[in-house]
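Here is a short report on one protein model.

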Amino acid sequence: MNSLYDEFRVALHSVWTRRWLVLAVAWGICILGWLAIASIPNRYDSRARLLVDINEILPDEVQGGGGRPQLDQIRETLTSARNLEKVAATTGLLPAGANEREKASAVAMLQKNIKVIPQQDNIFEITSSVAVGSLSDADNAKLASGVLDSLITVFRDDQLRGGRMNARESLKFLDAQIADREKALREVEARRGAFEAQNIGMIPGGTGSPAQRVEAARAELSQLDSQIVSAQAQLAAANGQLASTPQSIPGGGGVGGGVARQQLAGAQNELSSMRARGLTDAHPDVIALKSQIASLKAMADREGTGGGGGMQNPAYASLAAMRAERQATVSALSARKSQLMGDIAKITAQQIQNPGIAAEYDRINGEYTAFKAQYDKLLAQREQVRLRGDVQTETDAIKIELLDPPSKPTSPAAPNRPLFLTLVLLAGIGGGVGAAFGLSQIRTSYSTASKLERASGLPVIGSITEVVTPERHLDRRKKLVWLAGGGGALVGLYALLLVAEFIQRGMVA
């Protein structure tokens with residue numbers, strides 16, 4: 001413990017003997033550091049909060065994706081190069097007649113020093129930092145808030161004009177695209193008509209390509225099969241019920257006679273009416289009605305030979321009519337199935353006989369379908385854009401409200417000069433002490449007899465104490481006063497700089 005204390009005393013003595021070096025180094029470091037701090041311009045920050053509310057009168061699909069993408073777009077365009085160039089021009093950062101390089105430099109500086117921080121979905125905090133060395137602190141503070149004022153004004157004007165201009169430009173673009181698609185559709189229609197005229201009899205009628213018609217016919221056949229099975233099951237059930245039901249019941253005969261003949265007459269009249277309308281015998285309704293007429297004729301024949309032993313059973317007549325209807329349904333479905341199978345066979349045969357013609361016709365139809373789908377989609381988009389433009393014309397699609405106006409900075413945000421001045425003072429004192437201690441380690445002198453004894457390995461008999469004369473004592477006191485004056489002057493300069501800093505801040509406020 002004593003050796004450690006002795007070492008501390010020796011180090012302190014070595015520094016004290018070089019106290020003028022300590023003072024000189026401290027002055028040098030402090031002067032250089034304080035000059036460097038003085039050359040750093042003060043940075044002033046201004047903050048504002050902005051509410052951007054999107055008018056959602058139209059549904060999301062009409063507005064083009066909803067409010068969230070628009071908010072992201074607003075956040076990106078708020079600090080766009082075009083807006084920042086206008087801000088630089090209005091705030092005086094760009095002189096009149098500035099070239100492109102100066103404009104790019106001013107825009108880059110603003111992009112670096114303006115930050116947009118989203119606080120909620122539609123609330124943004126905007127911060128601008130200004131530290132222009134050629135301007136005074138008051139001008140920098142004024143410019144920091146002025147940049148935000150100008151940015152908000154430019155952004156608001158741009159949004160009010162931009163929505164309507166974008167709608168007009170979008171309509172113009174869509175009109176051009178629709179005209180191109182319409183022209184292409186007409187060309188494809190003309191080619192298809194010419195192709196059909198050149199290949200009459202080789203291309204089956206109907207809409208769509210041959211492959212599409214075959215696919216549609218097969219899909220309908222699949223449905224018809226299930227319908228035929230169901231209709232046949234219902235017909236079998238009706239036949240079973242009819243077989244177990246007596247044709248007549250005992251009673252006063254002749255009352256119900258002629259019912260089948262009346263129904264037969266009505267059916268024949270209806271058949272005549274259908275033929276008068278131009279329906280052929282191959283029509284499903286005519287086939288069904290003829291099947292019903294055949295059933296009614298059989299029933300009428302049985303009525304004529306049944307004698308007068310009883311009256312006709314109404315339940316039997318009803319079941320007979322039901323059976324005739326179901327027979328007609330089965331016949332109509334079977335006829336439709338035969339027709340579809342014939343169409344499929346005809347289209348397939350034509351494709352086998354003329355594969356090139358069928359393939360070319362499929363290609364033309366596919367091209368027409370693609371252009372038609374694009375044309376319809378463009379028409380729908382144009383209507384959506386027109387509606388959005390009408391909404392933006394009648395109402396404000398985007399409402400911009402200033403929640404907190406740009407703050408007026410009264411003190412610099414950076415640098416923290418009082419802290420830096422203090423750190424430079426401490427660094428100067430520490431540098432001086434370090435320089436003196438380092439110099440003492442370089443020079444081979446010994447402050448105590450024990451240190452000399454350890455270094456030489458020889459016993460030291462004794463040491464002679466320094467004798468200070470009165471003249472020498474007076475001289476030392478004078479130099480001590482000078483040293484205290486030099487140190488006090490350094491501290492006084494530090495205090496003066498602190499006072500100047502706070503006075504300067506008060507002048508800005």
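## A495

In this predicted model, A495 is partly exposed, because its relative accessible area is 34% and that category lies between the 20% and 50% cut-offs. A495 is found in helix α15, which covers residues 470–508.

L421 is 74 residues away in sequence, yet the two C-alpha atoms are 9.4 Å apart in space.

## Helix α13

L421 is one of the buried residues of α13.

Helix α13 runs over residues 417–442. Its 26 residues should span 38 Å at 1.5 Å a residue, and the end C-alpha atoms are 37 Å apart, which agrees.

## Packing of α2 and α13

Two packed helices are described by the angle between their axes and the distance between the axes. For helix α2 (residues 19–39) and α13, the axes come within 8 Å and cross at roughly 150°. Angles over 145 degrees count as roughly antiparallel, and α2 and α13 are therefore roughly antiparallel to each other. Their crossing is right-handed.

## The whole chain

The protein chain holds 15 helices and six strands. It has 509 residues, and 31% of them count as buried.

Among contacts with a separation of 6 or more, 82% join residues 24 or more positions apart. The accessible surface comes to about 30300 Å², and carbon and sulfur atoms account for 58% of that area.

Definitions and conventions
Residues are numbered from 1 along each chain as its sequence is written. This is a predicted model: local features need pLDDT of at least 70, side-chain atom pairs count only at pLDDT 80 or more; totals for chains, interfaces and linings use all residues. Side-chain values use heavy atoms; hydrogens and water are left out. Helices (H or I, at least four residues) and strands (E, at least two) are DSSP runs, numbered from the N terminus. Buried means under 20% relative accessible area, exposed over 50%, partly exposed in between (1.4 Å probe, protein chains only). Contact means heavy atoms within 4.5 Å. Accessible areas come from the Shrake-Rupley method with a 1.4 Å probe; for residues, only the protein chains shown count as cover. The expected span of a helix is 1.5 Å times one less than its number of residues. Axes are lines fitted to C-alpha atoms, for helices over the stretch in contact, and angles run from 0 to 180 degrees between N-to-C directions. Angles under 35 degrees count as roughly parallel, over 145 as roughly antiparallel, 65 to 115 as roughly perpendicular and the rest as oblique. A crossing is left-handed if the near helix is turned anticlockwise from the far one by less than a right angle, and right-handed if clockwise.
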